[in-house]
Amino acid sequence: MSGTTRIAGGLLAAALVIGLSGCGGAKEAPSASDGKPVSDAPAKGGTLTVLSNQDFSHLDPTRNWTMPQMDFGIRLLYRTLTTFKSEPGAAGAEIVPDLATDLGTSSEEGRVWKFTLKDGLKYEDGTPIVADDIKYNVERSFAPELPGGPNYAQVYLADADKYKGPLKGARLKSIETPDDKTIIFKLKRPVAEFAFTVTLPTFAPVPKAKEAGAQYDNRPFSSGPYKIETYDRGKELVLVRNEHWDAATDTVRKAYPDKIVVKQGLRQSVIDDRLIDSRGDDDTSISYSDVTSASLAKILPKPDTKARMVSEISGCTDMIGFNTSKPPFNDPKMRQAVQFALDKQALQTAGGGPEMTEIATAYLPPALSGGQAQDVYGIPATGDVEKAKALLAGKTLDVGMTISTGDKAIGEAAQSGLKRAGINVTLSPVDPSVYYDTLGDTAKTPDMFTYGWCPDYPSGATFLPMIFDGRTIVEKGNSGNVWQFKDEAVQAKIDEIQAMTDGEAANKAWVELDKQIMQATPAIPFAWKKKPLLVGKGVTGAFGHPVWAGQLDYATLGVKQK
Amino acid sequence: MIIYLSKRLAAAAGILLVICAVTFVIFYVVPSDPALQACGKTCTPERVAEVRAQMGLDRPIWEQFGVYVVGIFAGRTLAAGVECGFPCFGFSYQNSLPVWDLLVDRLGTSVSLAIGAAVLWLIVGLTVGVISALRQGTTLDRSLMIATLTSASLPVYFVAMLLLLFVVRVTEILPYPAYVELAEDPMAWASNLILPWVTLAALYAAMYARLSRAQMIETMAEPYIRTARAKGLPERTVVVKHGMRAAMTPIVTIFGMDLGGLLAGAMITETVFGLPGIGRLAYDGIVKSDQPVILGTTLLAAFFIVLANLAVDLVYAVIDPRVRYS
Amino acid sequence: MTTVSTPAASPVAPAATGRSPSRVIWDRIRRDRAAKFGMVIIVLFVLIAVTAPLLTMINGWSPYDFDPTAVDKRMAGVPKGILGGISAEHWLGVEPVSGRDIFSRVVYGAQISLLISVLAMIVSVAVGTVLGLLAGYFGGWVDAGISRVMDLLMSFPSLIFMIALISVMPEGNRVLLLVAIMGGFGWPYIGRIVRGQAITIKHREYVDAARVGGAMGASILFREMLPNLTAPILVYATLAIPTNIGTEAALSFLGVGVRPPTASWGQMIQESMLWYEVDPMYFLVPGTCLFLTVLAFTLFGDALRDAIDPKGSR
């Protein structure tokens, strides 16, 4: 970096502060660490550029179920019955009505849920959004032609076992649409939090007339504030305003920029460099994916650049899992030995250091355990090798560990820590795309592996039962309970908590269950990460949304007018 | 000649078919299951089976292969009733786009990259080679040869990173490379491709300089050059008309092969500079186990290589009739 | 790269003094300064590779030891101190994040990188020579079969294929896999050369004489013909090593190199690329080693070729 760019950077930052105080100064000074937006000077117009190292896997609302693109789709292209507030911190985890007029009314102890649509809702061509279009999209999530999306509808809806989707004309009876404004869901069992479930893109409208099967992915029809102008997959997506979207019906989406361009297939390190420099058009650009840890080393020492980095807690827990179905890790003692031998501090450094990662000591992230991280074992951060050796009782272990290619540093840190106690680990890096297949085949599950879990919405119910219930294990394509952990007492406890109607009590019970499972140690939680995302100097309203794993909330992003 | 040509064409087609079959088999035994991947996070075994049937993956391998090969020429209809017209290379598992469209789309980038770099390295490489040859043994010759050796010994990505660091990051002479279509904005197209061109050209120019120098020295020692000189022709004419022409013949053939290889995608250069070319497409396909894309890119790449070989052989056959009967 | 330099065919001209041909070649190489430079570097790196365990014993760091005290945790793991953490403790600095000793890793990296490239060269030369000889000597359907296979392999987009093959085989010994794949795709180049040579010499007098004398196929091939092909094979072998080193590095760059925590130069360079700005030493050390080795083998190979065939002096 030359001296001149640095001076220019300093000047711009100063101008930004003055601009803020000129506005009346009700807002606090921008800061990255406390979850507040990086800068807050909303203005309509301009072009926001999103620099991405990848293509969206699915923008089709039926199939969109991975974190960054869920946020992107829901905030820009389609609306759902309810949605999360567009606010940082805990407030972001609250839901508000979106297409619906309220958060839904339930009857029959939560087995039937009814939503009413707002007036004046329109698609990008001006045709009205009707209740049947939402029903149609939910039905699409059953179609084998359109896999990959959230499976909540299949799990919750009544009389849907044999249903194979609407593409061949069959409709689902357990969703009723008595008129264009009303939609009624009939469920198998009571679901108290169904109002949260309908924030998922499965509950966005898709007009039947626009059905294109798998090709719909390339041109989803917009009900949100933007529509697709061009989409050259893997290269560029251009969004322009949807003139028929009515801001009066939408309390969440701000839709500041006139145009949003997503440039895909760039190298992440190049994206980082461009945003650090933030010159020319990069001024109004943001990063789609996390900055690399090497780039963090460039960003952290520079306060003005660091101020442009959003780093919200992702809400996910990173774990090292065991195959508990076969030796040596069918023995809880051996698993505990690893628990003690692991050097979590080295893992933390590998994950970007204390600025970016907190050492995890329980499964539930602090947000799900009342804001307070619990620590069951109280092991020092660098591990307790003596205790580990005592548990191993003179034995040495030779085990395999499968990691995804991007987690090499993590794998090496684990390997080096365990070696101290006589546990020799052979690392097998596997490409991320086949990683979950490898874990999911119970015949081939490696001795050790890394795994992460993020709650779908802030509730212990989307966490512990999903990964520790022994009844969910399937032979192939196993996910969630990848450690094949079967424990009658834990399962009984899960059923007990799920039957609770008191949310407070349930939350406390989940925390207790967390402790109980930690004793058995089917997996070792090691990191609660922040999501580091860099934005250009001219970007406004950038903050990490707590529900979408700390991804930028696309509803509030804007660019400064030049 | 016609018999020779048809024989060669048949051989080329055979090679392509075998390459297709080998690729097909390799990715048939791959540990990852495309159906499982498509199915998403939590997926019941029944649903995986449905998805597999949907994708046509439940049929035996030879049947899938037959369908694929016939589809290339005749087009085919997929299970969901989606038409895949000629030439049908299937649909990407990743984004459901026809692989042929993806190939056509990415080819522009690879062609832009290859042709631009080729022009650059031919000019620089041959100039350096010829000058070195004519000044054989001088300090100029030696320093040029040291430079080319150095340049040839540096890995492509090393050069690429240095260029990015100095031309883009430090001096800010050029913007970060981002591919722009030629038709869209020729100036932006060129300025964004300069660095990749230079990167590739640095490697090839060095090889061509060394090669053309050697050829040139050999040719200039031939008796007919002496004869030409003795006839009193100007040195310029001797060098250009007699020397270079003869020296270039083997270079032209190697150039054909190199260009063929590059048209098939310069994987590392495209990756470093984030250019959406064939090499990048192939790499992404492999990484994501996107079998139709891998098959398509491999076949296209093999096609270019086979085509280049064929062209080179044909040129030889025209020059030297003996080849046809050997 | 598709171009593989084809060494000139002519046998070594017998010198007037009556020295043996190999002696002549050796003398020529010794007079060539570039070749000597190349040789010194090659010897140096081979020594380093062989004595790696000893060298790391002296500096006291295994290539796998983490040193958290040498990196700044708060700054995403940048090495503490100047020039990537160079100190009396760590002679060439440390890796960012893990704090592993770069000297130890580069020394062990030399072992792996040279091992892979030399083994791959041996595989391709062995297979190429045998099959090339068979094809050239027997002709007919043997030749047709082998030549088709060579054509086929040379038409494969090899880089795409190598990556694809390695990524579908996640299990097993990565070093052997790399050797097998690089050797497997490399042999047709030498095979072609040997085949061509074999065709030209199979009707020379001494071969005919051996045949008349009742020698069997194998004996003719390996006793009579092979020694006369040593020169081009030797040149090819020398020049194949830098190509293989480059390929190993390229594969590592694309994420399919050796398995961690094993160090190879290619893998080190790939990791260090991200850090080139913050920690240039991390990038420069393995980069320089790779560059010097490739350069040295190329210089030596060129000189060897010139020495064997002085006519095409370059």
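Predicted model: local features only at pLDDT ≥ 70, side-chain atom pairs only at ≥ 80, totals over all residues.
Residues are numbered from 1 along each chain as its sequence is written, with chains lettered from A and ligands numbered from 1 in the order in which they are written.

User: Which residue is the bridge partner of A:I320 in β17(A)?
Analyst: Strands are DSSP runs of E with at least two residues, helices are runs of H or I with at least four, and both are numbered from the N terminus. Two strands pair if DSSP finds at least two bridges between them. Strand β13 (residues 317-322) of chain A pairs with strand β17 (residues 448-453) of chain A in the antiparallel sense, over six bridges. In β17(A), A:I320 has as its bridge partner A:T450.

User: Which residue in β17(A) does A:T402 stand opposite?
Analyst: Strand β15 (residues 397-404) of chain A runs parallel to β17(A), and two bridges join them. The residue of β17(A) opposite A:T402 is A:F449.

User: How many buried residues does helix α8 of chain C have?
Analyst: A residue is buried if 20 or more other C-beta atoms lie within 10 Å of its own, exposed if 12 or fewer, and partly exposed in between, with C-beta atoms placed from the backbone. In chain C, buried residues make up 52% of the 314 residues. Helix α8 (residues 205-212) of chain C is hardly covered, and among its eight residues the buried count is zero.

User: Which element gives the largest share of the side of chain A that touches chain B?
Analyst: Residues are in contact if their C-beta atoms, placed from the backbone, lie within 7 Å. By that criterion 35 residues of chain A are in contact with 34 residues of chain B. Two or more residues on the chain A side come from each of α6 (268-277) and α13 (432-440) of chain A. The largest share, four residues, comes from α13(A).

User: Which element gives the most to the side of domain 1 of chain B that touches domain 2 of chain B?
Analyst: An automatic or database domain assignment sets the bounds, giving chain B domain 1 (2-88) and domain 2 (100-319). In chain B, 16 residues of domain 1 are in contact with 13 residues of domain 2. On the domain 1 side, α1 (2-28) and α2 (34-39) of chain B each supply at least two residues. With ten residues, the most comes from α1(B).

Note on methods:
Contact = placed C-beta atoms within 7 Å.
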